[in-house]
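Here is a friendly note to read with the structure open beside you. Take the points one at a time and find each residue as you go.

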Amino acid sequence: MSKDSEGLFKNFHESINNSLDDVVRNNFANLESNEKRISYLCSLPCVKNYDISKEIKKFESGGEFPVKKDLEKALQLKDEGNKAVQKGDWGRSLQYYNESIILMPEIKSEELSIVLANRSAALNHLAQYEDTLRDIQRCLALGYPRHLRYKVYERRARCLLALKRNQEAVTAFQNTITALDEAKNLDKEKRLKLRTDAKLMLEVLNKGLVLAGNPKDPEPFKNTPPKPKLSGKHNKLFPAASETVEIAFDETRGRFAKADRDIQAGEILLIEEPHGGVLLSEFSKSHCQNCFNKCLIPLPCPKCPNVIFCSEKCLDIALKSYHGYECHILPLLWKSGCSVTCHIALRMITQNSKDYFMKIMQDLKEKPTGPYKTEDYRNIYHLVSHENKRTKQDILHRTEMAIFLLKLLEISGYFNGSPRKISIPIDELKTMALDEQCIDDAASFGCLILKNLQVLQFNAHEVFEIQCLKPKDGTRFLKHEGKSVFIGGAVYPTLALFNHSCEPGIVRYFCGSRIVVCAVKNIRKGEEVAENYGPIFTTVPKDKRQSQLKEQYWFDCKCLPCEQNWPKYEDMTENYLRFKCDSDQPCSNVIPVPYDCMEFMVQCGLCQQYTNILKGLKSLQDTETLYKLGRAAMGEGKYGEAIKKFIETLKLYDTTLAPPYKSYYDCVQDLRSCMLSLGNYSFV
């Protein structure tokens, strides 16, 4: 997660720090609870009297503030779209109509309905029939002018014909005929022709349906990818995870995940929604604010021009929770220069009502019993925060951020129990002092925000998608050749319980904002199921991995590659094979055998039993062929087939050899790339 950059908060932070003398700093350092830290800092004149209103215009990025739509610009863009239509440039017209819809004020519902109808025409010409139907439904719901409705009814009928939904098409043509009666401005001759054409189509359709026995229409196409499914049943105590995974605890590792049975590469071990997820500002006009999917046919927020949604469902979820409160303060968040982690800390509050937190506030320090629910804030509260290891300066900095976010929360209307309906007057930002009426709420919620900021430092995940170059006509695009791009951040409470290894056994990918965790190697029962927090042993030397993990996550890594100082991929020698001891008694020893070894029975130095090298070599004979078949399938974009071949290859490797060796990690990396290709992607 990036650190805070230039912006409103940096200036606020520097102003406060420059105003604090040693007495105040010592007083703050002696405070022992987050609530007391928030209350103390809020009471200081240098905080209460701070004025950010005059700084807002200094930072152009982040959007216009106060928030408002722009009717004049929206109408200009609509006209540009109409000009593109006259030139037959339907793709460009779609782009203009999208931008017009985002800027159109909610109060101008008829104007908005006209732009939606125009966009439906562009979509129809681009053969995007389902999207055309959705826009027609939207424009009619907004009160599209009655004298023009024959256009969209006729367009709807033609789309339904293209989709072979003939029963619905009959109704649409009937509506077209009825609507023509209201088309008062339409030339009589043109009206007669349209009516005649519609009646002819009705006659043809009705005859065809009778001859076919009046078959049912096919189901409307659902433009949503299939949801991934866990391998096996859900874990009863940790329902986001598979029953194959157990969450255990010991004093050294804390809570961690381990295999409850032998896990095969390719198994899906966890599927989890984010507890709090935030899209980066640079993707706010290209991706759905709620589910993070790329949006080619955006729906706007009715109040602001800053975000888009992919569907009415996502729009409704957002408006009834977090975006209802954040709508008017988003530009301030973006202008603040704070990291996405800070925004998540606020989102974890705004996505739930004030009443929700008031009900759980008294019991927060007690860990909840029963199943570990992703949506239960109490589980987030008890994730690792290392508060007792923090410096006083670190806590001061985070407390200042918490107060900044707290002020935004107050002016959003959160403490009043409902989002504000009008833009924020600039006068409300001439002081950071909190309203006396919500001072008690501010202390409690400031405490939560401060806790969130500490927890997220160690438990937040980057959300990414694969961005691919748009393929030329007639050419296949390969997702695994795309670039992984960071588009947002989120916290996944169950995944946060998995520990780190420099040789991770899993890969993460995303379906929307939902995270999917798959095994990329075979994991034996009782072994730890570890993820990776950044550095991987195949590419980063041990000393650099250790220092990076110590600095960012405050622990000394004790994973096998660190303990045994495994070589990086480029340094792995090909002079010998690392055979597993296959004696009758359980033995974890690895037997290095030179390539030119002439013996076929080699004695283990630990258990003194003999391992049959010839037997092992025979089991490896098929690995090269299987791996090549997997690579070939991968090169053709047949990822399901490639995954099967790579899994078979790993199975053969695991029966005989012990990592690290190059061919094993070649296979693991290719399996990982194929699995990443199952997640979010977009074209650039």
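The points below cover a sheet, the cysteines, and the aromatic rings of this predicted model.

1. Let's start with the sheet. Three strands make an open sheet, ordered β3-β10-β9, and their pairing is antiparallel. Because β3 (268-272) and β9 (506-511) stand at the edges with a single partner strand each, one side of each has no neighbour in the sheet. From one strand to the next, the twist averages 20°.

2. Now look at one pairing within the sheet. Strands of a sheet pair through backbone hydrogen bonds, in either a parallel or an antiparallel way. Here β9 pairs with β10 (residues 514-519) in the antiparallel sense over 6 bridges. For a place to begin, find Arg508: its bridge partner in β10 is Val517. Helix α25 (residues 662-676) packs on the sheet and touches β9 and β10, and its direction makes about 15° with that of β9.

3. How many disulfides does a search of the whole structure find? The count is 0.

4. On to the aromatic rings, where the structure holds 25 pairs. One of them joins Phe238 and Tyr372: the ring centres are 5.1 Å apart and the planes are at 40°, so the pair is tilted. Phe238 sits in the loop between α11 (188-211) and β1 (245-250), and Tyr372 in the loop between α16 (354-360) and α17 (377-381), so this pair ties together parts 134 residues apart in sequence. Both Phe238 and Tyr372 are buried.

5. Compare that with Phe537 and Trp566, an edge-to-face pair with 5.3 Å between centres and 70° between planes. Phe537 is in the loop between β10 and α20 (542-553), while Trp566 is in the loop between α21 (560-563) and β11 (576-580), 29 residues apart. Phe537 is buried at 0% relative accessible area, and Trp566 is buried at 8% relative accessibility.

6. Finally, ring pairs link a cluster whose members include Tyr325, Tyr356, Tyr381 and Phe445. Over the ring of Tyr381 sits the charged end of Lys451, 4.9 Å from the ring centre. In another spot to look up, the charged end of Arg253 sits over the ring of Phe256, 3.8 Å from its centre.

Key
Residues numbered from 1 in each chain as written. Predicted model: local features only at pLDDT ≥ 70, side-chain atom pairs only at ≥ 80, totals over all residues. Heavy atoms only, no water. Pairing = 2+ DSSP bridges. Helix = DSSP H or I, 4+ residues; strand = E, 2+ residues; numbered from the N terminus. Axes fitted to C-alpha atoms, helices over the stretch in contact; angles between N-to-C directions. Contact = heavy atoms within 4.5 Å. Disulfide = S-S within 2.5 Å. Phe/Tyr/Trp six-rings, centres within 6.5 Å; stacked < 30°, edge-to-face > 60°. Buried < 20%, exposed > 50% of the residue type's maximum accessible area, 1.4 Å probe, protein only. Lys NZ or Arg CZ within 6 Å of the ring centre and 35° of its normal.
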